[in-house]
Amino acid sequence: MITPDVIAAHNLTQDEFQHIQSLLGREPTLVELGIFSVMWSEHCSYKSSRVHLSRLPTTGERVVVPPGENAGVVDVGDGWCVAFKIESHNHPSFIEPFQGAATGVGGILRDIFTMGARPLASMNSLRFGSLDHAQHGRRNRSLLAGVVAGIAHYGNAFGVATVGGEVAFDDAYALNPLVNAFALGLVRRDQIFFGKAAGVGNPVLYVGAKTGRDGIHGATMASAEFDEEALQKRPTVQVGDPFLEKLLLEACLEAMRSGAVAGIQDMGAAGLTSSSCEMAARAHTGIELDLSLVPQREQGMTAYEMLLSESQERMLIVAHSGREREVVDIFSKWDLDAVVIGRVRDTGRMQVIHNGETVADIPVSLLTDEAPKYQRPMKKPVWSLESGVKSQRSGPQTPDSGLETPDLKEALLKLLSTPNIASKQWVYRQYDHMVRTNTAALPGADAAVVRIKETRRALAMTLDGNGRYCARNPREGAKLIVAEAARNVVCVGARPLAVTNCLNFASPEKPEVMWSFSEVIDGMAEACKVFNTPVVSGNVSFYNETDGRGILPTPVIGMIGLVEEVRRVVQQGFKQEGDHIALLGTTADDLSISEYANRVAGPSTEE
């Protein structure tokens, strides 16, 4: 008997549980309830955002793989394609900053090489509370140090160049830091792989690290707000091993080259559950799994634990029938487990067996297509453009014309010393940005640039966001962020190609948050159409909220661009004495939500 307390512990509403019962025609088993809880979570199902995301432009002449796969893919010429994506690891990084950030890097790298691409570069977008905050300053500094160390640990050991990103500080993130990880890889157009369980009768192989109890219900944890007991959720944070992931990368790419692989999927959020049912859903097939065959590193694991574990460095492979031995031998060479744990079926169902007993039997469509899709109520907040943003320092925000002119030298020095403008060298010097010797523009430039070896081309990439802009006017703020990303790419000599996004917001159950989200989508869609940069991948992170206090609406744009001639990359900095300095564009009285207004004039985005 499943009680209301059990339902609540799985982060499902009573209405959702009743809907599950009506779809199944019976009460689910505890294992099935766990499966529904992760697949219907905000993190996996996008149940609050799907109705809005459909308004984004996702097609273009260079788009090869649009949203829906592990990463978006665009054509960059000469038979080469680039796979790229950004994802959030906000909630795990708040609970355990080092491992939360490290496994965020590991997860985004697996999304890239799951497509058949070799990771070429990574970036990150980080936001923390003020380092000098009276109450939370010490914790904010600890979070910053832990997150940066975690990113450096995983990226450096794996061997991917961390070439750029952004770090921002605002009191609005004091209780909810943002850790968004981006990765990019290269793949030949005729060697792209997909996460599909195709071919009835084909064997399903579990490959990579053994399964443990770490990360259970990580997807559900990332779909809820925090309270004072948040740190007790530390067991839901995964633990990563970058050296093992490097082996997994090489083994996966070798198996793909062998021709024995029909489909491949990363075991990310919701682990074995999401990877198996998503592969079946994409191929419109069924899947049968025997959990007794799953490699385990802990004794006595239950079916529930194995299905929901988010242990890192694991993949699910569908091999062509009769060629599974080839795959096993390749992974054995790299000292990794590779075990046949199931088969592709024509039933359209996810059937799970453990110790000879069927513990779950669910139509795949109920976990994917039938997941809730909410049209959440929306309400324009009172602190939008017309009323300004409330300030903890100096009351209501004053109009631009009301800002007094200070001593300019003093103001300049104060601005240059603020964490948002000061050099971020302390951060990026901890990252290896030269590994594999492809980096053509070093960290600190407007955009990072990496060479496409064996060609004359290069790829530019940038991450940009501005929570203050979107707090004041979400639609215009989103447009400004996309425009800034485009300018940054152009500044190194590249033509913008496509976009990935990470949309960080507070609870979608608040009408004001959903209004901001909808406005951001419309602003982003309009700007992306103007710049001809379709959105090919992305991520939505809701519930960035603690004790009822949420973050600013913070969309982060990852834009890539193409440099036709790598020798013409524009490097940062002034070059020679006597060169002319030109200012392009029109300068207006736009100070009200600037760093100057926040740091020198006084107002902040605190509510």
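In α7, Gly 106, Leu 109, Arg 110, Phe 113 and Thr 114 are in contact, meaning heavy atoms within 4.5 Å, with Glu 245, Leu 248, Leu 249, Cys 252, Leu 253 and Met 256 of α10. By class, the residues of this contact are seven nonpolar, two polar and two charged. Here Ala, Val, Leu, Ile, Met, Phe, Trp, Tyr, Cys and Pro count as nonpolar, Asp, Glu, Lys and Arg as charged, and the others, Gly among them, as polar.

What you see is a predicted model, in which local features need pLDDT of at least 70 and side-chain atom pairs count only at pLDDT 80 or more, while totals for chains, interfaces and linings use all residues. Residues are numbered from 1 along each chain as its sequence is written, and side-chain values use heavy atoms, with hydrogens and water left out.

Back to the pair. Helix α7 covers residues 97–114 and helix α10 residues 242–258; they pack at an angle of about 10°, with axes 10 Å apart. That makes the two roughly parallel, a label for angles under 35 degrees. The axes are lines fitted to C-alpha atoms, for helices over the stretch in contact, and angles run from 0 to 180 degrees between N-to-C directions. Helices are DSSP runs of H or I with at least four residues, strands are E runs of at least two, and both are numbered from the N terminus.

On confidence: pLDDT is the predictor's confidence in each residue, from 0 to 100. The chain has a mean pLDDT of 91, and 92% of its residues reach 70 or more. Over residues 384–401 the value is below 50, and beyond near neighbours in sequence this stretch has 43 contacts in the model. Where pLDDT is low, the predicted coordinates should not be read in detail.

Next, α8. This helix, residues 137–158, has 22 residues and reaches 32 Å from first C-alpha to last, close to the 32 Å expected at 1.5 Å a residue; the expected span is 1.5 Å times one less than the number of residues. Just after α8, Gly 159 takes a positive phi of about 95°.

Is Ser 130 buried or exposed? Ser 130 is buried, at 5% relative accessible area; buried means under 20%, exposed over 50%, partly exposed in between, with a 1.4 Å probe and protein chains only. Leaving aside residues up to four places away in sequence, Ser 130 touches Gly 137, Asn 140, Asp 170, Asp 171 and Arg 599.

Last, Lys 333 lies in helix α13 (residues 324–333) and is exposed, at 56% relative accessibility.

Terms used. Parallel < 35°, antiparallel > 145°, perpendicular 65-115°, else oblique.
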